[in-house]
Structures are given as C-alpha cells and as structure tokens.
Amino acid sequence: MKNFFLLLIIVGVIVGMWKYTLPLWAVVQTKNAEVARLENIVAKAEEVQKTRDDILELYKNISEEDRRSLEVMFPENLKQEDLYIFFKTIVEETGVPLTNINIAQVAPSGKDKENSNQKSLSFSIETEGSYDKLRSLLDALENSNRLMDITSVDIGKEQKEKSSQVYKISLKGNMYYAN
C-alpha cells in the first residue's frame, strides 16, 4: 500500500507538472522569441547608428567651401523667386534684355514620386540680342554651378536694321533642388 501511495504521489506530481509547467513553458518560449526579435531590432539600430556615424564623419571631412558649392549646385527648397533672380542676374550680366520668363513647379510622376527626394522647377526664358551677347548668355548658363537641364533651345533671327542683326532665343528646361 505504501508503494501504491508513493506511485500515486509520483503520478500526481507528474500530472501537476505537466498541467502547470507546460503552459509556463509556452510562455517562456514566447518570451524567448520576443527577446530574439528585440535583439534583432537592437542589432539593426546599432548598424544604422554606425552608418549614421560614418556619414557624419564623411560630412565633417567636407570643406566649408565644398558645402557652399554643393548648396549652390543643389539647393534645398528652391523657390520660383530664387530661380527668377538667378536668370535675371545672368541675363543682366551678359547684357541682353529678358523679354519673357515662365517658371513652374514640376510634379513628380510614377516611380519618381515615391523614390526621389529631388524636385524640379521648369522654366522657359526668352531674350534677344546680338550673336556675341547670346553666346555669352549660353556660356554663362553652361558654366553655372546650378544643376539644370536645358531641354529646348530655339534661335531665330530678326533684321531690325540693315547693319545690325538681332537674334531671338528661347530656352526651356528644368532646375533641380533637394526637398
């Protein structure tokens, strides 16, 4: 009988452990999975932090002059007024009158809308002048540090007086900036 009670106690302990420790084991497994997920997140965060630190170190190595040059080439938050002033200044420096200027925001489309952090302003300018002045205007635009594409150039000739030849030029393009 003693053995029977001993066997009953052992079976009771086994059933009790089975009943109470099995759910506890499931909780432990869930917690272990959560810990592993959090460790993975921490590892990714440390990797991002290292990448950020590397980029900051590279940024610190860029000279102030190069940063200013980059800001001129690819400005942040370019406004239509800034582009107007840019073209007005170049046109005045070359000595040709600005007859028309149009500037509009270009809406990104498709894949560019999702993946790009660059925006652009479209522009069209019209002016007229002598061959030499228009050539100096085109040279000034080409040598400008601003990031732009000229998509269309139309040149026409006008005969105002017998001795002077006046050319009309129309330029269309896009100027880019970061957002």
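This note sets out, point by point, how the predicted model of this protein is arranged.

1. Overall layout. The protein contains five helices and four strands. Read from the N terminus, these elements follow one another as α-α-α-β-α-β-α-β-β. Of the 179 residues in the protein, 19% are buried. The accessible surface amounts to about 13600 Å², and carbon and sulfur atoms hold 57% of that area.

2. The nonpolar core. The largest nonpolar core is made of 20 residues. Leu83, Phe86, Phe87, Leu137, Leu141 and Met175 are the members with the most contacts inside this core. At least two residues of the core come from each of α3, β2, α5 and β4. The points on these elements below may therefore be read with the core in mind, given that each of the four contributes to it.

3. Helix α3. This helix has 15 residues, and the distance from its first C-alpha to its last is 21 Å, close to the 21 Å expected at 1.5 Å a residue. Its buried residues are Leu83, Phe86, Phe87, Ile90, Val91 and Thr94. These residues lie on the same side of α3, because they cover an arc of only 120 degrees around the axis. The other side of α3 carries the exposed residues Ile85, Glu92 and Glu93. After α3 comes Gly95, with a positive phi near 85 degrees.

4. Is Val91 buried or exposed? Its relative accessibility is 2%, so Val91 counts as buried. Beyond residues up to four places away in sequence, Val91 touches Val96, Pro97, Leu98 and Leu137. Val91 and Lys133 are 42 residues apart in sequence, and their C-alpha atoms are 9.4 Å apart in space.

5. Helix α5. The helix spans residues 131–142, which makes twelve residues, and reaches 16 Å between its first and last C-alpha, close to the 16 Å expected at 1.5 Å a residue. Leu134, Leu137 and Leu141 are buried in α5. Viewed down the axis, the buried residues of α5 fall within an arc of 55 degrees, and they therefore line one face of the helix. Asp132 and Glu142 are exposed on the face turned away from this buried side.

6. Leu141 as a contact point. Which residues does Leu141 contact, leaving aside its neighbours within four places in sequence? They are Phe86, Phe87, Ile90, Met148 and Leu171.

7. Leu78 is located in the loop between α2 and α3. Its relative accessible area is 7%, and Leu78 is therefore buried. When neighbours within four places in sequence are left aside, Leu78 is in contact with Leu83, Leu121, Arg146, Met175 and Tyr177. Leu78 and Leu121 are 43 residues apart along the chain, while their C-alpha atoms are separated by 8.2 Å.

8. Strands β3 and β4. Strand β3, residues 148–158, pairs with β4 in the antiparallel sense over ten bridges. Lys157 stands opposite Tyr167, a residue of β4. Strand β4 is mostly covered, since eleven of its 13 residues are buried.

9. Strands β1 and β2. Asn100 belongs to strand β1, residues 98–106, and Ser124 belongs to strand β2, residues 118–129.

10. Residues up to four places away in sequence are not counted here. Asn100 touches Ser124, Ile125 and Glu126. Ser124 in turn touches Asn100, Ile101 and Asn102, together with Leu171 and Lys172. Asn100 and Thr127 are 27 residues apart in sequence, with a C-alpha to C-alpha distance of 6.9 Å.

Notes: Residues numbered from 1 in each chain as written. Predicted model: local features only at pLDDT ≥ 70, side-chain atom pairs only at ≥ 80, totals over all residues. Heavy atoms only, no water. Contact = heavy atoms within 4.5 Å. Expected span 1.5 Å × (residues − 1). Buried < 20%, exposed > 50% of the residue type's maximum accessible area, 1.4 Å probe, protein only. Arc of directions from axis to C-beta. Core = buried A, V, L, I, M, F, W, Y, C linked by side-chain atoms within 4.5 Å. Areas by Shrake-Rupley, 256 points an atom, 1.4 Å probe, with all protein chains shown as cover. Pairing = 2+ DSSP bridges.
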